[in-house]
Amino acid sequence: MATRSRYAGKVVIVTGGGRGIGAGIVRAFVESGAQVVICDKDELGGQALEQELPGTVFLLCDVTQEEDVRTLISETVRRFGSLDCVVNNAGYHPPPQWPEETSTQGFRQLLELNLLGTYTLTKGAVTAMTKALALDESQYGVRVNCISPGNIWTPLWEELAASTPDPKATVREGTMAQPLGRMGQPAEVGAAAVFLASEASFCTGIELLVTGGAELGYGCKARWSVPLEAPVTPF
Ligand SMILES: NC(=O)c1ccc[n+]([C@@H]2O[C@H](COP(=O)([O-])OP(=O)(O)OC[C@H]3O[C@@H](n4cnc5c(N)ncnc54)[C@H](O)[C@@H]3O)[C@@H](O)[C@H]2O)c1
């Protein structure tokens with residue numbers, strides 16, 4: 001459902017909106033008639049999208065920097081007079097790493113970006129935080145929901161695959177993780193975000209899975225490096 005009246009006149013900030021899932025969310029909100037502020041710490045990507053989508057505004061902002069975020073909000077309200085929806089999409093998924101290889105400093109930085117900013121290994125914490133915030137903010141009529149994307153084909157996915165010994169095999173494995181036999185598109189996460197912001201007016205504190213069913217049923221769960229045990233017949 002892409003009609004320009006769906007979220008018309010509303011003001012939306014999308015963090016990490018310069019590329020990947022964020023750019024998909026920006027496009028979906030533009031399609032719905034909203035006024036969109038693209039926030040990104042990457043100037044080139046943000047500016048390119050702003051030029052491609054007339055009516056959008058790009059504001060340079062690193063969501064781990066409190067002062068940047070304050071300016072982002074005040075500048076949005078100064079320009080448009082209100083703020084109806086914030087999509088906290090900016091985040092990062094590090095290459096696979098064992099816990100013992102992760103430094104405290106590295107983990108702290110990831111938490112700052114993915115949890116205070118939003119998302120992923122921190123995903124469990126995000127859903128818990130979504131519920132807590134939904135309770136706290138309901139008194140102001142504010143709804144708080146989260147989207148948990150599965151494998152979505154973005155520049156980040158491509159970069160992570162390229163850093164593995166066999167990128168083609170990694171992409172194939174990622175593709176086969178979904179019963180639907182494909183990865184998702186940023187536009188499909190965008191559609192979910194617009195739905196939560198517009199029609200889902202009685203939803204708060206929920207987690208919307210946009211995963212192509214990756215979590216369903218049986219699949220290859222052990223890593224290739226795990227020594228496999230033959231089944232033992234108990235009779
Ligand atoms: N792609 C997937 O399969 C997938 C799956 C689950 C979760 N996610 C999460 O979704 C989010 C977006 O993923 P993506 O694949 O589109 O990534 P991406 O790297 O392609 O795009 C992320 C965008 O966020 C921006 N960004 C990063 N840190 C920022 C910061 N501190 N302040 C402002 N902007 C910042 C980047 O500049 C970039 O434009 C990430 O948090 C990722 O972990 C992605």
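**Exercise 1.** Is Arg19 buried or exposed, or something in between?

*Solution.* Start with the scale: buried means under 20% relative accessible area, exposed means over 50%, and partly exposed is in between (1.4 Å probe, protein chains only). Arg19 has a relative accessible area of 41%, so Arg19 is partly exposed.

Before you go on, a word on the model: it is predicted, so local features need pLDDT of at least 70 and side-chain atom pairs count only at pLDDT 80 or more, while totals for chains, interfaces and linings use all residues. Residues are numbered from 1 along each chain as its sequence is written, and side-chain values use heavy atoms, with hydrogens and water left out.

**Exercise 2.** Which residue forms a salt bridge with Arg19, and which parts does the pair tie together?

*Solution.* First, the rule: a salt bridge needs a side-chain nitrogen of Lys or Arg within 4 Å of a carboxyl oxygen of Asp or Glu. Next, find the partner: Glu159 pairs with Arg19, and their closest N and O atoms are 3.1 Å apart. Now place them both: Glu159 sits in helix α6 (residues 155-162) and Arg19 in the loop between β1 and α1 (20-31), so the pair ties together parts that are 140 residues apart in sequence. Those labels follow DSSP runs, numbered from the N terminus: helices are H or I with at least four residues, strands E with at least two. Finally, Glu159 counts as partly exposed, at 43% relative accessibility.

**Exercise 3.** Where do Arg70 and Glu66 lie, and how many residues apart are they?

*Solution.* Both are in helix α3, 4 residues apart, which is about one turn of the helix. Check the atoms next: Arg70 and Glu66 form a salt bridge, with the closest N and O atoms 3.0 Å apart. Then the exposure: Arg70 counts as exposed at 52% relative accessibility, and so does Glu66 at 56%. A search of the whole structure finds 8 salt bridges.

**Exercise 4.** What is the strand order in the open sheet, and which strands stand at the edges?

*Solution.* Two strands pair if DSSP finds at least two bridges between them. The 4 strands run in the order β3-β2-β1-β4, with parallel pairing. At the edges stand β3 (57-60) and β4 (85-87), each with a single partner strand, so one side of each is left without a neighbour in the sheet. Look inside the sheet now: β1 (residues 11-15) and β2 (residues 35-40) pair in the parallel sense over 5 bridges. Val12 stands opposite Val36 in β2.
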